[in-house]
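Have a look at the chain first, and then read on.

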Amino acid sequence: MKKKLIEEIKLNVKERGYTIVENFFDVNEISYISNLVNLLNKKFGEEGGAGTRVMNLITLNHKFLEIILSEKINDLVKIFLNNDYIYSCFQSNTLYPNSGKVWFHIDHPYQYLNNHYNDRNIKLFVENEINFSFQMLILLDDFFEDNGSTLFRPKSHI
C-alpha cells in the first residue's frame, strides 16, 4: 500500500473516526463478490425486515477466505493493529431497495466484551489510545446520502 494512502487513512480516522477508500477492489472483483453474496442471501440469508444477513462467509465460500487473507486487506488492518490481530467475523448485510433509513449495526467484538474484566481492559485501551478492534465495510454498490444504505457516525468507535 502506498505511503501517501496510508497517511491519508490514518489522518481521516484520527479526525473523523473513519475513512473511505474508494475503488479498493476492481469492478470485476466487486461484481463477482456481489453475485456470490446474492446467491448466499437466497440460500442462507437471515431476514431482518429491511434486508438479509449472512454470517460466517468464510465457511460458505473460499472467495471470502481469499479476501480476508489477501495482502491488500492485511496491509490495511496492520495500519491500526500492527501484526497482532484475530479476525472475528466476516458477514454480509444486504438492504432491500427503498428500505428507508434502516441499517444493520455491526459492533464486533464489543458484544463479547460485556463483563467487568473486559470493561476494565477496554477502559485501559481507550485511556492509553491502544487500538483493539478494527471494522471494515466492503460496499458492493455505489452509495449516496439519499439511497439509505450506510450511515457513518464520526468518532463513534474511537
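Predicted model: local features only at pLDDT ≥ 70, side-chain atom pairs only at ≥ 80, totals over all residues.

Residues are numbered from 1 along each chain as its sequence is written, and side-chain values use heavy atoms, leaving out hydrogens and water.

Helix 3 spans residues 62-69, and its buried residues are Lys63, Phe64, Ile67 and Ile68. They line one face of the helix, because they fall within an arc of 130° when you look down its axis; the arc is taken from the directions from the helix axis to the C-beta atoms. Buried means under 20% relative accessible area, exposed over 50%, and partly exposed in between (1.4 Å probe, protein chains only). Helices (H or I, at least four residues) and strands (E, at least two) are DSSP runs, numbered from the N terminus.

What covers the buried residues? The cover includes helix 2 (27-44) and helix 4 (71-81), where contact means heavy atoms within 4.5 Å. On the other side of helix 3, His62 and Leu69 are exposed. At the start of helix 3, Asn61 places a side-chain oxygen within 2.8 Å of the backbone nitrogen of Lys63.

A salt bridge is a side-chain nitrogen of Lys or Arg within 4 Å of a carboxyl oxygen of Asp or Glu. By this rule, the count is two salt bridges.

| Salt bridge | N to O distance |
|---|---|
| Lys63 and Glu29 | 3.1 Å |
| Lys63 and Glu66 | 4.0 Å |

Lys63 forms a salt bridge with Glu29, and this pair links distant parts of the chain, with Lys63 in helix 3 and Glu29 in helix 2, 34 residues apart. Lys63 and Glu66, by contrast, both lie in helix 3, three residues apart, about one turn of the helix. Salt bridges that share partners join Glu29, Lys63 and Glu66 into one network.

How accessible are these partners? Lys63 is buried, with a relative accessible area of 13%. Glu29 counts as partly exposed at 23% relative accessibility, and Glu66 counts as partly exposed at 42%.

**A residue in a strand**

Thr52 lies in strand 2 (residues 51-54). Thr52 is buried, with a relative accessible area of 5%.

Conventions
Polar contact = N/O pair within 3.5 Å; in protein donor to acceptor, adjacent residues only side chain to side chain.
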